[in-house]
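Here is a short briefing on one protein model. Keep the structure open as you read.

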Amino acid sequence: MISVFGSANMDLVAYVDRAPKRGETVTGRLFRTVPGGKGANQAIAAARAGTEVAFIGAVGDDGFGAEIRETLAVAGVDVERLRQVPGPSGIAHIVVDDDGGNSIIVVPGANGLVTAPSEEERAVIAASRAVLLQLELPMKAVIGAARAAREAGVPVVLTPAPAQPLPDELLDAVALIVPNEHEAAALTGATDPGDALDRLLERVPEVVITLGSEGALYGSRAGERVRVPAVRVEAVDTTAAGDTFVGALAVARAEGRPAEEALRFASAAAALSVQRPGASTSMPSRAEIDAAL
């Protein structure tokens, strides 16, 4: 089992020819509401990629919260520890342009009320093969989950997004960090991915930097370096590509796959996801990933 301690949002997605500039109004061609949030997305991606997943987080007592819970459950995610709190659920306002690019505004809602894991939630973390963390919850809560995992000897996989300074007390508990190239540059000050990887390895044992259409780069303190090219596809919507990659990568690593094989598995999953609209709705099944490989 993999556990995910993270955010759950309702994505409010507008599709446009091009994103508006400041002060500009453009006409969209489609609007959709899709359950998302980096935590929920990674949970669904991992479940569809072929493993049991437990989700720990919070939604509000509104209609969005009920829909998010149902979407996770239908995907096969255990939502027993998905708390309901008074007030609105988190939302993400997303604009997707014709090139498949996106811009996102996140309003935390219930996610902002998540604190350190309870004793019951710590037990779930301790029983996991890996714990997936992101930074859409309060930092104090993320650190609490990371500490609980470290104390139980469970590997922590961190997606450092949204990018922000990372305290040592968090990184000391992280086994694998998975930033994109922009997050890696923000964390290290190095614009070259190879340099950024080397600097991140000074702080964590393993690093994967995702490079969009250029693939992904892996490094470890043991000296291993692997670069895997991206699968060439026509992108429709890249909103959940990174979360799909991380969820699938965690599954592959939990299955004991070596770094290069795990990266190829995750890259195939991400490539399938960008060919479909939406976030959680775009994530492929294990059968689809295996067929693509």
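A residue counts as buried when its relative accessible area is under 20%. The model is predicted.

**Helix α7: one buried face**
- Helix α7 spans residues 193-200, and its buried residues are P193, A196, L197 and L200.
- Seen down the axis of α7, these buried residues fall within an arc of 100 degrees, so they line one face of the helix.
- An α-helix has 3.6 residues a turn, so residues three or four places apart point the same way.
- The cover over the buried residues of α7 includes α6 (181-188), β11 (206-210), β12 (216-220) and β13 (225-228).

**Helix α1: largely enclosed**
- Helix α1 covers residues 38-48, and ten of its eleven residues are buried, so the rest of the structure largely encloses it.
- The buried residues of α1 are K38, G39, A40, N41, Q42, A43, I44, A45, A46 and A47.
- After α1 comes G50, with a positive phi near 115 degrees.

**Helices α8 and α9: a packed pair**
- Two packed helices are described by the angle between their axes and the distance between the axes.
- Helix α8 (residues 241-254) and helix α9 (residues 259-273) have axes that come within 8 Å and cross at roughly 145 degrees.
- The crossing of α8 past α9 is right-handed.
- On the α8 side, the contact is made by A241, T244, F245, A248, L249, A252 and R253.
- On the α9 side, A262, L263, F265, A266, S267, A269, A270 and S273 take part.
- Of the residues in this contact of α8 with α9, eleven are nonpolar, three are polar and one is charged.

**T244: a closer look**
- T244 sits in helix α8.
- Is T244 buried or exposed? Its relative accessibility is 1%, so T244 counts as buried.
- The T244 side chain reaches the backbone oxygen of A240 at 2.8 Å.
- Leaving aside neighbours within four places in sequence, T244 is in contact with A45, A269, A270, S273, M283 and P284.

**A cis peptide bond**
- Most residues other than glycine have a negative phi, and most peptide bonds are trans.
- The peptide bond from A161 to P162 is cis, with omega near -5 degrees.
- P162 lies in the loop between β9 (156-158) and α5 (168-171).

Key
Residues numbered from 1 in each chain as written. Predicted model: local features only at pLDDT ≥ 70, side-chain atom pairs only at ≥ 80, totals over all residues. Heavy atoms only, no water. Axes fitted to C-alpha atoms, helices over the stretch in contact; angles between N-to-C directions. Helix = DSSP H or I, 4+ residues; strand = E, 2+ residues; numbered from the N terminus. Left-handed = near helix turned anticlockwise from the far one by under 90°. Contact = heavy atoms within 4.5 Å. Nonpolar A, V, L, I, M, F, W, Y, C, P; charged D, E, K, R; others polar. Buried < 20%, exposed > 50% of the residue type's maximum accessible area, 1.4 Å probe, protein only. Arc of directions from axis to C-beta. Polar contact = N/O pair within 3.5 Å; in protein donor to acceptor, adjacent residues only side chain to side chain.
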